[in-house]
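Colleague: I have just opened a structure that is new to me, and I would like to learn how its features are read. Could you take me through them one at a time?

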Amino acid sequence: MNGKLNTVFGAAARDARLRLGLTQADVADRVGIAMEVYSRMERGKMLPRARNLRRLCDVLAVSADTLLGVKPGSAPVSPRATPGQEDAPELRRLVRALRELEPGQLKAVARVVRTVVSVMPPKPAAGASPTPSPGVRKKPAAPVRKRRAG
């Protein structure tokens, strides 16, 4: 009985995760468990504790009934953001790396990011083509010069 429940749970969790476009590491981070533990759940090797089941339901946007196979399809997976607004994989990796920093390190990174963002050109409006501002000319690339050995 437990083996079948594990398999049903794992398949439902994997299906919900893939529909949301998340990685196993993303789900594990958001739930607060090790990625290896979440991976074992998806493979049907173990079930979550009650507290983690609730967190998984929130992260995967499904009911416990759906994950446990009590009422298949009782709560359809709804994306947490509209299409095109999901976090890019690079952003998710960056956030994971930032979570591992000490407070002082995080503060320094935040200062650097704010400085870089403050000097970046504004993002073009949706649907607008990225054209340079009037009077701004793109410099031609400088010719590459080879050094002589000597």
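**Reading the helices and their contacts**

Modeller: Let us begin with a single side chain: arginine 19 counts as exposed, because its relative accessibility is 54%, and the cut-off for exposed is over 50%. Please keep in mind throughout that this is a predicted model.

Colleague: With which residue does arginine 19 form a salt bridge?

Modeller: The general idea is that side chains of opposite charge can pair when their charged atoms come close. Here the partner of arginine 19 is aspartate 15, and the closest N and O atoms of the two are 2.6 Å apart. Both residues belong to helix α1, where they stand four residues apart, about one turn of the helix. Aspartate 15, for its part, counts as partly exposed, with a relative accessibility of 35%.

Colleague: May we step back to the whole chain? How many helices and how many strands does the secondary structure come to?

Modeller: The protein chain has seven helices and zero strands, so that its pattern along the sequence reads α-α-α-α-α-α-α. Of its 150 residues, 22% count as buried.

Colleague: How should I describe the way two helices meet, and at what angle do the axes of α1 and α3 cross?

Modeller: Two packed helices are described by the angle between their axes and the distance between the axes. The axes of α1 and α3 come within 7 Å and cross at roughly 115 degrees, and these two helices are therefore roughly perpendicular to each other. Where they meet, α1 contributes Asn6, Phe9, Gly10, Ala11, Ala13, Arg14 and Arg17, while α3 contributes Tyr38, Met41 and Glu42.

Colleague: Which residues of helix α2 are buried, and against which helices do they pack?

Modeller: In helix α2, which covers residues 24-31, the buried residues are Ala25, Asp26, Val27, Ala28 and Val31. They pack against α1, α3, α4 and α6. Just after α2 comes glycine 32, which takes a positive phi of about 95 degrees.

Colleague: Which other residue has a positive phi, although it is not a glycine?

Modeller: That is alanine 61, with a positive phi of about 55 degrees. Alanine 61 lies in the loop between α4 and α5, and this residue is partly exposed, with a relative accessible area of 28%.

Colleague: Is asparagine 52 buried or exposed?

Modeller: Asparagine 52, which has its place in helix α4, counts as buried because its relative accessibility is 13%. Once its neighbours within four places in sequence are left aside, asparagine 52 is in contact with Val31 and Ile33.

Colleague: Finally, which residues form a nonpolar patch on the surface?

Modeller: The patch is formed by Val109, Val112, Val113, Val116, Val117, Val119 and Met120, which together have about 610 Å² of accessible area. Methionine 120 is found in the segment after α7. For the protein chain as a whole, the accessible surface comes to about 11,700 Å², of which 58% belongs to carbon and sulfur atoms.

Key: Residues are numbered from 1 along each chain as its sequence is written. This is a predicted model: local features need pLDDT of at least 70, side-chain atom pairs count only at pLDDT 80 or more; totals for chains, interfaces and linings use all residues. Side-chain values use heavy atoms; hydrogens and water are left out. Buried means under 20% relative accessible area, exposed over 50%, partly exposed in between (1.4 Å probe, protein chains only). Contact means heavy atoms within 4.5 Å. Patches are made of residues with over 30% relative accessible area and no salt bridge: like charges are joined within 9 Å, nonpolar side chains (Val, Leu, Ile, Met, Phe, Trp, Tyr) within 5 Å. Accessible areas come from the Shrake-Rupley method with a 1.4 Å probe; for residues, only the protein chains shown count as cover. A salt bridge is a side-chain nitrogen of Lys or Arg within 4 Å of a carboxyl oxygen of Asp or Glu. Axes are lines fitted to C-alpha atoms, for helices over the stretch in contact, and angles run from 0 to 180 degrees between N-to-C directions. Angles under 35 degrees count as roughly parallel, over 145 as roughly antiparallel, 65 to 115 as roughly perpendicular and the rest as oblique.
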